[in-house]
Amino acid sequence: MANIAFIGLGNMGGPMAANLVKAGHKVTGFDLVQASKDAAKADGVGIAASALDAVKGADVVVTMLPAGKHVLSVWKEIIPSVGKNTLMIDCSTIDVESARFAHGHALEHNLPSIDAPVSGGTGGAKGATLTFMCGGSDAAFAAARPILENMGKKVVHCGEAGAGQAAKICNNMILGISMIGVSEAFALGEKLGLSHQALFDVASTSSGQCWSLTSYCPVPGPVPASPANNDYKPGFAAALMLKDLRLSQEAAKAAGAATPLGAHAESIYDAFEKAGHGGVDFSGIIKHVRGLAK
Ligand code: NAD
């Protein structure tokens with residue numbers, strides 16, 4: 001069993017650290033927020049006074065932080081103090097450039113590192129059913145895999161440094177676009193007098209079929225577990241979708257890729273957030289789509 005430092009014990013990091021404890025690891029955590037530390041402590045995570053204290057004697061360091069700037073600042077602070085061969089894992093969703101920069105920083109100190117963003121949300125974090133998308137060397141991936149398997153059901157090696165983040169933002173760009181597409185179809189169906197169930201029954205078994213329709217339907221009824229049945233409580237908040245769409249557009253610009261629908265999806269979620277709905281589930285975008293009708 002490993003000695004693991006876990007930095008960032010929020011909505012995702014807290015339950016992920018708890019699952020590492022359940023798997024028998026010694027986990028020492030740190031967060032800036034007292035309530036997050038208290039909740040992790042109740043789950044058996046040892047709480048350190050600082051990130052630097054948490055990484056003392058760690059075989060593995062996991063970070064689960066809001067954005068690239070937080071990851072770079074924490075990695076910069078702790079890397080000079082971690083032991084030789086300590087495995088550095090970042091599970092946050094961040095921009096590809098910052099992820100590659102973080103890997104470079106680890107490499108300067110000869111430390112193996114992996115970017116390993118997740119999909120599956122807070123439910124997946126609690127239930128240890130996350131999917132991990134990993135970027136880094138074969139050796140670093142082999143070392144990270146058994147640790148990640150304690151927190152998820154699927155661990156995919158996507159390629160070299162930054163490839164996990166690349167896979168994550170490409171996937172979420174599809175998701176943002178497809179949710180708007182499904183919402184537009186329901187909004188049009190409503191205007192044409194089509195019932196939600198009739199459109200669902202046809203599209204879910206036809207060529208319009210996709211996850212945004214069959215697992216996360218943006219209208220109440222056809223998929224009982226979708227947030228539409230719970231007043232669009234997240235789930236996956238629209239603000240987080242906007243964050244991922246912004247990351248995809250930054251990456252597209254830097255790499256010279258054309259993503260016109262990704263750019264449009266970003267502007268639609270941006271307007272939704274500016275109207276005060278960042279905390280609503282991202283499938284609530286259907287209300288915004290309906291509101292665009294003249
Ligand atoms: P969160 O805001 O609940 O947690 C982030 C935690 O990091 C907070 O508790 C914050 O206090 C802590 N933190 C920030 N700076 C710190 C520092 N310098 N030292 C120590 N702790 C620090 O966010 P979350 O929902 O847990 O998301 C974490 C990451 O996972 C994000 O990158 C997010 O995009 C990604 N993600 C979230 C979801 C989701 O459904 N919530 C799903 C997939 C991926």
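Good morning. Please keep in mind throughout that this is a predicted model.

I begin with the overall division. The chain is split into domain 1, residues 3-160, and domain 2, residues 166-291. Their C-alpha centres lie 29 Å apart. How many residues bring the domains into contact? On the side of domain 1 there are 11, and they touch eight residues of domain 2. Together, domain 1 and domain 2 bury about 730 Å² between them, and 67% of that area is on carbon and sulfur atoms. Within domain 1, the residues that lose the most area to domain 2 are Thr93, Val96 and Met133, which together account for 51% of what that side buries. As for polar terms, the count of salt bridges between domain 1 and domain 2 is zero, while three residue pairs are in polar contact across the two domains, with both residues at pLDDT 80 or more.

I turn now to the aromatic residues. A search of the whole structure returns three aromatic pairs. One of them joins tryptophan 211 and tyrosine 216 in a stacked arrangement, with 4.9 Å centre to centre and 20 degrees between the planes. The two partners can be described by their accessibility: tryptophan 211 is partly exposed, at a relative accessible area of 45%, whereas tyrosine 216 has 11% and counts as buried. Another pair, phenylalanine 236 with phenylalanine 282, is edge-to-face, at 5.6 Å centre to centre and 75 degrees between the planes. Where do these two phenylalanines lie? Phenylalanine 236 sits in the loop between α10 (211-214) and α11 (238-255), and phenylalanine 282 in the loop between α12 (260-277) and α13 (285-291), so this pair ties together parts that are 46 residues apart in sequence. Phenylalanine 236 and phenylalanine 282 are both buried. Taken as a whole, ring pairs link Trp211, Tyr216, Phe236 and Phe282 into a cluster.

As background, most residues other than glycine have a negative phi, and most peptide bonds are trans. In this model, the peptide bond from proline 234 to glycine 235 is cis, with omega near 10 degrees, and glycine 235 belongs to the loop between α10 and α11. Tyrosine 232 is placed in that loop between α10 and α11 as well, and its phi is near 60 degrees, a positive value in a residue other than glycine. Is tyrosine 232 buried or exposed? Tyrosine 232 counts as buried, with a relative accessibility of 7%.

A further positive phi occurs at asparagine 85, with a value near 70 degrees. Asparagine 85 is located in the loop between α4 (68-78) and β5 (87-90), and this residue is exposed, its relative accessible area being 55%.

Which residues does threonine 259 contact, leaving aside its neighbours within four places in sequence? They are Met173, Gln249 and Ala252. With glutamine 249, the side chain of threonine 259 also makes a polar contact of 2.9 Å, side chain to side chain.

That concludes the presentation. Thank you.

Notes: Residues numbered from 1 in each chain as written. Heavy atoms only, no water. Phe/Tyr/Trp six-rings, centres within 6.5 Å; stacked < 30°, edge-to-face > 60°. Buried < 20%, exposed > 50% of the residue type's maximum accessible area, 1.4 Å probe, protein only. Helix = DSSP H or I, 4+ residues; strand = E, 2+ residues; numbered from the N terminus. Domains from an automatic or database assignment. Contact = heavy atoms within 4.5 Å. Buried area = accessible area lost by both parts, 1.4 Å probe. Salt bridge = Lys/Arg side-chain N within 4 Å of Asp/Glu carboxyl O. Polar contact = N/O pair within 3.5 Å; in protein donor to acceptor, adjacent residues only side chain to side chain.
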